[in-house]
Amino acid sequence: PSLACANKCTFCWRSHTNPVAMRWVFDEDDPKEIVEGAISSHQRKFVRQVVLGTGATRSERADEAQTVRHCALSLVGEPVLYPGINKFLGELHSRKISTFLVTNGQFPEQLEALPRITQ
C-alpha cells in the first residue's frame with residue numbers, strides 16, 4: 001500500500017525515486033479496493049502463467065493457484081505509514097490470507113496499533 005519510506009539510505013537497493021516521508025502525505029487508496037485489485041491481478045496474470053508455464057501443469061494445480069493464501073508486505077517502502085494498514089490487514093485476514101510484514105521498526109506507535117500479523 002505504500003512506496004514511501006522515511007529514509008534515503010545510501011546502501012538501499014530500492015529505486016531512489018521512491019518518495020520519502022515521515023508521515024502520510026499522499027492520496028489514500030481504499031484498503032478493500034487494494035486487496036480486491038491484487039487478488040484479481042493474481043488470478044488474471046499469475047494463474048495464467050501456472051497454466052501455460054510448462055504445458056505439463058495439471059488442472060488441479062491451476063485451480064489451487066486461484067486461491068491467494070499469503071501476502072508479504074515488504075520491499076515497497078514502510079507499510080505502517082499507510083493510514084489504512086489495519087483495515088488492509090483486516091481485509092486480508094477476513095479472506096484467510098496470511099500476512100508477513102517487513103518494517104524497520106522506526107514507528108513503534110504504529111506497530112503497537114497493528115492487529116496480529118500471522119507470520
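## Two sides of helix H3

Which exposed residues does the face of H3 turned away from its buried side carry? They are Lys87 and Ser94. Keep in mind as you look around that this is a predicted model.

On the buried side of H3 you will find Ile85, Phe88, Leu89, Glu91 and Leu92. Viewed down the helix axis, these buried residues fall within an arc of 155°, so they line one face of H3. Just after the helix, Lys96 has a positive phi of about 60°.

## The nonpolar core

Now let us turn to the core. The largest nonpolar core has 19 residues. Those with the most contacts inside it are Leu73, Ile85, Phe88, Leu92, Ile97 and Leu114. H1, S1 and H3 each supply at least two residues of this core, and the largest share, 4 residues, comes from H3. As a general background, nonpolar side chains in soluble globular proteins tend to be buried together.

## The largest pocket

There is also a pocket to explore. The largest one has a volume of about 410 Å³. Two or more residues of its lining come from each of helix H1 (31-53), helix H2 (59-65), strand S1 (70-73) and helix H3 (85-94). H1 gives the largest share of this lining, with 6 residues.

In total, 22 residues line the largest pocket, and Ala38, His42, Val68, His70 and Cys71 lie nearest its centre. By type, the lining divides into 15 nonpolar, 4 polar and 3 charged residues.

Definitions and conventions:
Residues are numbered from 1 along each chain as its sequence is written. This is a predicted model: local features need pLDDT of at least 70, side-chain atom pairs count only at pLDDT 80 or more; totals for chains, interfaces and linings use all residues. Side-chain values use heavy atoms; hydrogens and water are left out. On a 1 Å grid over the protein atoms alone, a cavity is a set of points where a 1.4 Å probe fits but cannot get out, and a pocket is an open set with protein on both sides within 12 Å along at least five of seven lines; lining residues have an atom within 4 Å of a point. Grid points are joined across faces, edges and corners, and a volume is the space filled by probe spheres set on the points. Ala, Val, Leu, Ile, Met, Phe, Trp, Tyr, Cys and Pro count as nonpolar, Asp, Glu, Lys and Arg as charged, and the others, Gly among them, as polar. Buried means under 20% relative accessible area, exposed over 50%, partly exposed in between (1.4 Å probe, protein chains only). The arc is that of the directions from the helix axis to the C-beta atoms. A nonpolar core is a set of buried Ala, Val, Leu, Ile, Met, Phe, Trp, Tyr and Cys residues joined through side-chain atoms within 4.5 Å.
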